[in-house]
Amino acid sequence: MLSDDQAIHFLQQLFHLTVQEASPTDKMNAWLPPHQPAGKVIVVGAGKAAAAMAAEWEKIWPQHYPPLSGVVVTPYGHSVATRYIKVIEAGHPLPDLAGQRAAQALLDAVQGLNAQDQVFYLVSGGASALTTLPINSISITDKQLINRQLLSHGVPIEAMNTVRKHLSRIKGGRLAMAAAPALITTLAISDVVGDDISTIGSGAAVADPTTLADVNRIIQQYQLTLPEHIQTFLHSAQAETPKKLPNSRAFVIITPDQVLSQVSHWAQAHNIDVLYLGDRISGEAREVAQVMAGIALYHQHRITKPLLILSGGETTVTLNKHQGKGGRNSEFLLALAIALNGAKNIYALAADTDGIDGSENNAGAWLTPDSLNKALQAGLSPLTLLNHHRAYDFFAATDQLLMTTPTRTNINDFRAILLTQK
């Protein structure tokens, strides 16, 4: 039987392996142009992995090919050194003026190209908030208001991006329109359930299948309150996104399923049985925790050797009047702790693969059979903390916050529950 320290060390190893497998390092060679480009080569990009992707692209770019130039935007603290491609840092998850200027720089970089030129768009999770360039009648304050509502109303990422695309001068295929007639190739690290290329980073360089009717349905479903001038714009033909882009092609180079499958194989090689639930788990974090607790408790007395229950995807947290302190993975774990109620020999770790769970400084947290009792001894009410969305405070009290530096990648949630033998 594994000790508490051994079980948590194993789960932390799994998380770090996940981040390593999700890194663009040594994973971009297959998308280099097979022949020397005839014209200019422009690199633009956005997301938590944008700087790391740009640095890797520079490293593998053949010396006899035309020189690279361009610009990418990444969150504050996510830069890496590059030689030819400029890196700009901007706000995330709430957009700021730096992101607006960066989005304009991306558009400017692809202007005036011809059919001999090529553009490579390097995109990863976080790109939507980082490239906020609203249509002229919408201010950055308006976009911040909209983003706050999208984040606080439990809107899934796909629906968030549907709204964002129709209010932007760069998203929903408009970057590709600006680059025409040059060929623009999207290389994406997926952070969305299902790996839909038009959803990753709000699909700046690919045709957009979503419509204004979809936007209005989302506004009604999630009871979003938009200023009147934005509502007026969303009923105009100008707000519709392009549906055909002949100069665009796109590839997802890293997917959550690829990464988690590798992690699953690694665990099996270390004599751990794995129940892999896939990379498409979504829904309210506390409700997903209830289901996961049921699965763990079902298997608790049926295993003959350690069992890992592994899953990815992206849960949501719908805030009530209590704004709280924490993120979706910490909230998932707190709800899981309550549902497990101190069950023996069950451990868990949940974290965001970008290294930031919500708006706090932790990637996530971990859970041991005595976590609930530790909190109670500290005078805390776990259920009250859950209802007030204060999962960070719970795991700070139990000294079980998972802290990392920015990982410079993102494939969304990592959830691992380990059942050890009795």
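1. Ile146, Asn147, Leu150 and Leu151 in helix H5 meet Met160, Val163 and Arg164 in helix H6; to meet, or be in contact, is to have heavy atoms within 4.5 Å. The model is predicted: local features need pLDDT of at least 70, side-chain atom pairs count only at pLDDT 80 or more, and totals for chains, interfaces and linings use all residues. Residues are numbered from 1 along each chain as its sequence is written, and side-chain values use heavy atoms, with hydrogens and water left out. Helices (H or I, at least four residues) and strands (E, at least two) are DSSP runs, numbered from the N terminus.

2. Two packed helices are described by the angle between their axes and the distance between the axes. Axes are lines fitted to C-alpha atoms, for helices over the stretch in contact, and angles run from 0 to 180 degrees between N-to-C directions. For H5 (residues 140–152) and H6 (residues 157–165) the angle is about 165 degrees and the axes are 10 Å apart. That makes H5 roughly antiparallel to H6 (angles under 35 degrees count as roughly parallel, over 145 as roughly antiparallel, 65 to 115 as roughly perpendicular and the rest as oblique).

3. Helix H1 (residues 4–22) packs with helix H10 (residues 256–269) at an angle of about 140 degrees, their axes 9 Å apart. That makes H1 oblique to H10. The residues that meet include Phe10, Leu14 and Leu17 in H1, and Val259, Val263 and Trp266 in H10.

4. Why is helix H2 (residues 50–60) largely enclosed by the rest of the structure? Nine of its eleven residues are buried (under 20% relative accessible area; exposed is over 50%, partly exposed in between, with a 1.4 Å probe and protein chains only). Among them are Met53, Trp57 and Ile60. The cover over the buried residues of H2 includes strands S1 (41–46), S2 (68–75), S3 (85–90), S4 (118–123), S5 (183–189) and S6 (248–254).

5. Strands S8 (residues 281–284) and S9 (residues 307–316) pair in the parallel sense over four bridges; pairing requires that DSSP finds at least two bridges between the strands. Gly283 has Thr315 in S9 as its bridge partner.

6. Ser330 lies in helix H12 (residues 328–340). Its relative accessibility is 0%, so Ser330 counts as buried. Apart from neighbours within four places in sequence, Ser330 is in contact with Asp357, Asn362, Gly364, Ala391 and Phe395.
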